[in-house]
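The structure is shown below.

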Amino acid sequence: MKTSELRNKFVFFIVFAGVVTLLLILLPFVEVPIKDYLADFFGSTDRRMGDTGAMLFDQIFRVLKIVLWMSLIVSIIRFINQLVFSTAFSSNSYEISSLLRNVFSIILYIVSFFVVFNSQYPTVDLAALFTTSTILGVIIGLALQDTLGNLFSGLAIQADQPFQIGDVVKIPTKGEGVVENISWRGVTIRTFQNKLVVISNSVLGKESIEVAPRDNLNARIVFFNTLYANSPAKTIQIVREVVRQIENVSQKIRPLVRVRNLGDNGIDFEIKYWLDDYSKYNDTDALIRQRIWYAFQREQIEFAYPTRTLHIETKPQDNVFIETSNEIYERLNNVPIFAPLSDEETRKLADASHLRVFAPGESIVRQGQKGDSMFVVHRGAVDVQIKEEGVTKTLRVLREGDFFGEMGLLTGEPRTATVMTEGETEVLEINIECLKPILEENPELVESLSLIIEERRLSLDKPEDKSMKTEFKDKASVFNSIKRFFGLKG
Ligand code: CMP
């Protein structure tokens with residue numbers, strides 16, 4: 001609770017308690033004169049009437065005192081309740097259940113009522129009245145049947161603590177959601193459609209409840225399938241890598257990808273992964289499926305389709321991701337760094353490069369990993385990011401026609417940065433085998449690449465950070481290193 005709210009409650013409590021206390025103090029002063037006056041007034045005509053009137057008012061004053069005392073006590077208990085549970089436990093990660101607060105208050109109310117009642121009616125044995133009066137017991141019992149059922153089921157839940165506020169629970173007949181409140185009457189859960197469902201404790205006691213505790217690593221299973229033509233080992237490796245990179249997939253346990261079944265239509269797989277925040281599993285499942293589609297598109301893996309279908313659909317030739325080699329050639333021809341290449345060499349490079357498509361926010365190369373290919377942005381844009389003291393910083397945005405990954409490819413060193421897509425991005429991947437003969441034939445290409453690598457290195461190196469420093473002091477050392485790495489002569 002906010003401090004200002006608490007302050008307001010405190011002021012209200014002080015004023016209210018002050019007024020009630022004042023009334024309690026003043027009451028005896030007016031009680032005696034009124035009673036005397038009534039006795040005189042009625043007694044002047046009839047003595048018995050005078051006594052009855054005084055007795056009646058005596059009862060009224062007693063009840064009034066009970067009411068005033070109880071109001072004072074209720075307000076004190078409520079205020080203490082707020083203070084103890086809201087301030088003392090505010091550092092607790094879970095809110096203290098309102099059930100505990102209510103039970104605590106109810107016990108105090110009952111005890112106080114007994115005390116106050118006895119102070120006004122010392123001769124009446126209230127406890128005996130409650131325990132011996134069968135009719136009263138039956139009436140109260142019937143009236144409170146459901147309420148007491150809920151209260152005791154609630155107490156059982158509280159003692160058992162099968163779930164806490166913030167846990168995700170699934171109740172077969174009621175649905176699934178995050179527990180928001182546990183009260184003496186029931187449990188409130190917020191469903192994934194943002195609706196509130198209140199389930200009474202007595203109903204809950206009879207249900208089987210599936211709980212995903214908030215501070216636990218809960219797992220999910222997602223299914224997919226591929227054609228029999230695709231190697232399961234390759235599929236498993238690719239999917240595992242894709243899943244690991246997704247936000248909210250826990251890094252503490254490696255996701256499992258395994259063959260679930262050799263089905264009618266293809267190989268059925270399942271992914272078991274653990275979530276940091278289980279309440280967001282719908283989004284995470286969806287992102288996994290989306291990323292698998294993109295990875296499959298890049299790696300030419302196909303989802304299974306019903307093999308009994310009689311209608312055979314041929315793959316459309318104008319698939320958006322299949323580019324003509326002409327288009328690739330045009331792209332490479334317009335990259336300034338490849339300007340010294342002959343037409344034939346550029347054509348060779350175009351034929352040997354692969355068009356890859358990446359999802360928004362996916363990393364194409366990752367800082368620290370080894371890599372033996374470089375990339376030219378064909379469509380879209382990518383961010384060159386480095387991690388410094390745990391903070392990710394974007395160094396450059398590369399757009400269509402820009403290239404990256406040349407540093408790792410040409411020097412054999414780990415990737416100096418992570419390159420991440422902004423939106424859906426298509427890149428041309430050029431690997432070491434197809435580049436080597438071209439570099440051998442074009443020393444000027446090696447030279448201009450060395451120049452760019454040196455420039456990029458300079459913006460990576462921070463003078464104060466020696467660990468980021470590379471072994472390359474100038475363009476010549478980069479040049480020599482490339483030649484050494486590729487075994488080039490001259
Ligand atoms: P590589 O080290 O193989 O992988 C990460 C890539 O990010 C790197 O090659 C470069 O292509 C690119 N890169 C690193 N630093 C910069 C920079 N300062 N400007 C542009 N691109 C960069």
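## Ligand site and a helix pair

Among the 16 residues around the ligand, those that come nearest are Glu406, Gly408, Arg415, Thr416 and Ser459; a residue is near a molecule if one of its heavy atoms lies within 4 Å of it. The model is predicted, so local features need pLDDT of at least 70 and side-chain atom pairs count only at pLDDT 80 or more, while totals for chains, interfaces and linings use all residues. Residues are numbered from 1 along each chain as its sequence is written, and side-chain values use heavy atoms, with hydrogens and water left out.

The shell around the ligand divides into eight nonpolar, four polar and four charged residues. Here Ala, Val, Leu, Ile, Met, Phe, Trp, Tyr, Cys and Pro count as nonpolar, Asp, Glu, Lys and Arg as charged, and the others, Gly among them, as polar. At least two shell residues come from each of β13 (391-398), α12 (406-411) and α14 (443-460). Helices (H or I, at least four residues) and strands (E, at least two) are DSSP runs, numbered from the N terminus.

| Residue | Polar atom of the residue | Distance to a ligand oxygen |
|---|---|---|
| Gly405 | backbone | 2.8 Å |
| Arg456 | side chain | 3.1 Å |

The protein buries 99% of the 460 Å² that the ligand exposes when taken alone (Shrake-Rupley method, 1.4 Å probe).

Elsewhere, the axes of helix α8 (residues 232-244) and helix α9 (residues 281-299) come within 10 Å and cross at roughly 135°. Axes are lines fitted to C-alpha atoms over the stretch in contact, and angles run from 0 to 180 degrees between N-to-C directions. α8 is therefore oblique to α9, given that angles under 35 degrees count as roughly parallel, over 145 as roughly antiparallel, 65 to 115 as roughly perpendicular and the rest as oblique.

Conventions. Polar contact = N/O pair within 3.5 Å; in protein donor to acceptor, adjacent residues only side chain to side chain.
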